[in-house]
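Here's a quick walk through this fold, starting with the chain as a whole and then moving to its aromatic pairs. Have a look at the model first.

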Amino acid sequence: MDGLLFQDITARPSEADAAAAYPQHIVVGTDEHGDNIVVRPTTTPRRFYVAGDDGHAATAALVRDVNQCLAQGYDVYFIGAKTTFGNDQLHALAGVVDATTDPAAFSRVVSRVHGVVRERCTRHTANAATERPVVLAVDNIDALRRVVDESGVGGWDELDAQLFDIASTGRACRVHLVFAGRNVPADALDPDTLKLFDRFGAAE
């Protein structure tokens with residue numbers, strides 16, 4: 001995913017037209033032939049950008065994805081296991097509801113998104129098309145469990161279970177998950193969660 005591009009989408013929808021805010025496509029990079037790598041949020045609400053050897057292309061793709069979702073009026077939540085290369089850019093952007101690289105706050109952010117899913121799921125599914133789209137972006141997903149364990153804050157099992165619930169039920173209520181990182185070790189995340197994702201980037 002070298003030569004990553006950013007498609008400038010500047011129009012922000014009003015509060016009244018959130019249902020029209022889905023981008024039809026997001027350009028997250030270019031392939032080896034110079035062609036755009038395009039994802040379509042309406043059909044790929046669970047996106048996992050897998051890093052190559054340098055480890056940066058996946059984060060760059062995640063940042064471009066998030067920026068374009070922000071430009072279309074999505075509410076964005078973010079957690080990342082590292083404080084460099086893009087993660088530090090996502091804290092102060094308009095439309096970011098909650099963002100952190102502090103392991104002690106990971107549970108807070110994920111719980112807020114989980115609460116959105118649970119609250120929306122209690123309503124009739126016909127209302128889903130009028131909900132404002134939400135994205136939970138998670139960088140360094142391969143390191144997340146290790147960082148939580150090493151921090152001593154605990155709560156990984158609940159965090160892992162909430163990520164699975166968001167991934168498995170969020171699509172119906174316009175809640176997206178966007179991951180970036182290297183190929184995830186078997187014990188780093190529930191494999192049933194990862195099965196739900198469309199993968200982009202380096203081969204497994």
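Take the contacts in the protein chain (heavy atoms within 4.5 Å) between residues at least 6 apart in sequence: 72% of them join residues at least 24 apart. Before going on, note that this is a predicted model, where local features need pLDDT of at least 70, side-chain atom pairs count only at pLDDT 80 or more, and totals for chains, interfaces and linings use all residues. Residues are numbered from 1 along each chain as its sequence is written, and side-chain values use heavy atoms, with hydrogens and water left out.

The protein chain has 5 helices and 8 strands; these are DSSP runs numbered from the N terminus, with helices being H or I of at least four residues and strands E of at least two. Along the sequence, the order goes β-β-β-α-β-β-α-β-α-α-β-α-β. Of the 204 residues in the protein chain, 50% are buried, where buried means under 20% relative accessible area, exposed over 50%, and partly exposed in between (1.4 Å probe, protein chains only).

Now the rings. The structure holds 3 aromatic pairs, counting rings of Phe, Tyr and Trp (its six-membered ring) with centres within 6.5 Å; planes under 30 degrees apart are stacked, over 60 edge-to-face, and the rest tilted. Two of the pairs look like this:

| Pair | Centre distance | Plane angle | Type |
|---|---|---|---|
| Y49 and F200 | 5.7 Å | 40° | tilted |
| F179 and F197 | 4.4 Å | 20° | stacked |

Y49 sits in strand β3 (residues 46-50) and F200 in strand β8 (residues 198-201), so this pair ties together parts 151 residues apart in sequence. Y49 and F200 are both buried.

F179 belongs to strand β7 (residues 175-181), while F197 is in the loop between α5 (191-194) and β8, 18 residues away. F179 and F197 are buried too, and together with F48 they form one aromatic cluster.

Which residues does R46 touch, leaving aside its neighbours within four places in sequence? They are A167, R171, L177, L196, F197 and D198. R46 is found in strand β3 and is buried, with a relative accessible area of 15%. R46 and H176 are 130 residues apart in sequence, but their C-alpha atoms are 5.9 Å apart in space.
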